[in-house]
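Please find below my notes on the model we discussed. They are set out as numbered points, to be read beside the structure.

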Amino acid sequence: IMDIIFRVTAALGITNIGLCIIIFTIIINLLMLPLTIKQQRSSKLMAVMQPEIQAIQKKYKGKNDSETAIKLQKETQAVYDKYGTSMVGGCAQMLIQMPILLALYQVILRIPAYVPSVKVYFEQIASLMMKQSGYIDTLSSYAVKHKLPVDKIDYTNMNRVIDLLYKFTPVDWADIKNAFSSASELSQQLMNNVPVIEKMNEFLGINLATSPFQGWTPSLAWIIPVLAGATQWFSAKLMSTGTSAQQSASDENSMAQQMKTMTNVMPLMSVYFCFILPAGVGIYWIISALSRIVQQYFINKHLDKIDVQVLIEENLKKKNEKRAKKGLPPETINKKAISKSLNSLSKEKDEKQEKKKREVIADSTEYYKKNAKPGSIASKANMVAAYNEKISQKKNGKKNKTAASIEDEDVKDGE
């Protein structure tokens, strides 16, 4: 895919790896969109199921014997069966995506190894360089500079030499030209290909083959880790709003707490890795996050319009088709229990919103009490409020006093 993109853009007069990474990332995210939608549909169902699952967990809380574990497992499975889903419903899509994502990192890290149209420029240099005596000793210093183990990499293999050359900075290319200046044919290839390679690897003034961190002096490349962290955080936040009901309903759930922690920790890890890995990886992460943000926005809109009952019916229909093939009887939907879960979830959501509203009003009132200017309407309103509060306290005090005196008289009468 990457090679096709490179050849198409090159035919249009643009030989830039940064642009190829952007187009490549968007295409890959679009190809994985069906899996993302399935994952979000599972999360929407989990929002409804969570109160029931938590009730079961609370029922057996503190009991660790094997019999209790079996009962917990059976009752939890019964909830999943009722909603026509499985315990690994949301995880399956993530597991499918993981090998793809890991493979993509390798593509971005070693573009010449996977993109023949890019490799040819390095191959012409590497093939001539390997004919020079002592070329491994010359390359070793660059391998050390780019933190590659010299003794563990076979630099008699052209692909390993190309992997190293791909990491070269403009300064490294200038030095290598001087190192092999006596080799006329190699010098000519360096003169012809290095400008093309540098142009390919430069994106908005940033060399994509090198890491943004080249010392503590700030540079333009530092914007990549910052943007990577910010977009990752916003993407995770937007994804969590799609399942906010699930999160609000399971605040006591340790899994929910771990997810919240991951939402905050993962963007920080992105910042760190994008500082030490080639800038091309950072571009890939930024575009991936931006793609997910756009996708998630429309997915959330789409899922908001879908009735949970419809989702359950669809899931149960698929499950009953599988049961029919095995000769098992079909399962039915317990609409009363599902409706109860939905009402409980809606009530909890309304209570949370009402609590948040009260907190906002309290904060706003406190702010105006502290910051009202003398003589302003706000200060006069505060005076009236303070006076009313004082009168109210006095009335309450009298009532309490009267009640206390009546109680004393009752005690005396009793005596």
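1. Overall make-up. The model is a predicted one. The chain holds 18 helices and two strands. It has 415 residues, of which 36% count as buried. Among contacts with a separation of 6 or more, 73% are made by residues 24 or more positions apart.

2. Helices α1 and α2. Helix α1 covers residues 2-11 and helix α2 covers residues 17-31; their axes come within 9 Å and cross at roughly 130°. That angle makes α1 oblique to α2. The crossing in which α1 passes α2 is right-handed. On the α1 side, the contact is made by Met2, Ile5, Phe6 and Thr9. On the α2 side, the residues are Leu19, Cys20, Ile21, Ile23, Phe24 and Ile27.

3. Helices α3 and α16. How far apart are the axes of α3 and α16, and at what angle do the helices pack? The axes of α3 (residues 33-59) and α16 (residues 308-325) are 10 Å apart, and the angle is about 110°. This makes α3 roughly perpendicular to α16, since angles of 65 to 115 degrees count as such. The crossing of this pair is left-handed. Helix α3 contributes Arg41, Lys44, Leu45 and Val48 to the contact, while α16 contributes Val308, Leu311, Ile312, Glu314 and Asn315.

4. Alanine 47. This residue is found in helix α3. Its relative accessibility is 6%, so alanine 47 counts as buried. Alanine 47 and valine 308 are 261 residues apart in sequence, yet their C-alpha atoms are 9.8 Å apart in space. Valine 308 is also one of the α16 residues that make the contact with α3.

5. Glutamate 52. Helix α3 also holds glutamate 52. Is glutamate 52 buried or exposed? Glutamate 52 is buried, because its relative accessible area is 17% and the cut-off for buried is under 20%. Valine 79 is one of the buried residues of α4.

6. Helix α4. Helix α4 runs over residues 66-82, 17 residues in total. From first C-alpha to last it reaches 24 Å, close to the 24 Å expected at 1.5 Å a residue. Its buried residues are Thr68, Thr76, Val79, Tyr80 and Lys82. Viewed down the axis of α4, these buried residues fall within an arc of 165°, so they line one face of the helix. An α-helix has 3.6 residues a turn, so residues three or four places apart point the same way. Exposed residues Ser66, Glu67 and Lys74 are carried on the face of α4 turned away from its buried side. Just after α4, glycine 84 takes a positive phi of about 70°.

7. Glutamine 189. Helix α11 (residues 184-201) is the place of glutamine 189. With 22% relative accessibility, glutamine 189 counts as partly exposed. Which residues does glutamine 189 touch, not counting those up to four places away in sequence? They are Gln124, Ile125, Leu128 and Val194. The C-alpha atoms of glutamine 189 and phenylalanine 122 are 9.7 Å apart in space, and the two residues are 67 residues apart in sequence.

8. Leucine 204. The loop between β1 (202-203) and β2 contains leucine 204. Its phi is near 55°, a positive value in a residue other than glycine. Most residues other than glycine have a negative phi. Leucine 204 counts as exposed, at 69% relative accessibility. Please look at this residue when you go through the model.

9. Serine 211. Serine 211 lies in the loop between β2 (206-207) and α12 (223-242). Although in a loop, serine 211 is buried, with a relative accessible area of 17%. Leaving aside neighbours within four places in sequence, serine 211 is in contact with Phe275, Ile276, Leu277, Pro278 and Ala279.

Terms used:
Residues are numbered from 1 along each chain as its sequence is written. This is a predicted model: local features need pLDDT of at least 70, side-chain atom pairs count only at pLDDT 80 or more; totals for chains, interfaces and linings use all residues. Side-chain values use heavy atoms; hydrogens and water are left out. Helices (H or I, at least four residues) and strands (E, at least two) are DSSP runs, numbered from the N terminus. The expected span of a helix is 1.5 Å times one less than its number of residues. Buried means under 20% relative accessible area, exposed over 50%, partly exposed in between (1.4 Å probe, protein chains only). The arc is that of the directions from the helix axis to the C-beta atoms. Axes are lines fitted to C-alpha atoms, for helices over the stretch in contact, and angles run from 0 to 180 degrees between N-to-C directions. Angles under 35 degrees count as roughly parallel, over 145 as roughly antiparallel, 65 to 115 as roughly perpendicular and the rest as oblique. A crossing is left-handed if the near helix is turned anticlockwise from the far one by less than a right angle, and right-handed if clockwise. Contact means heavy atoms within 4.5 Å.
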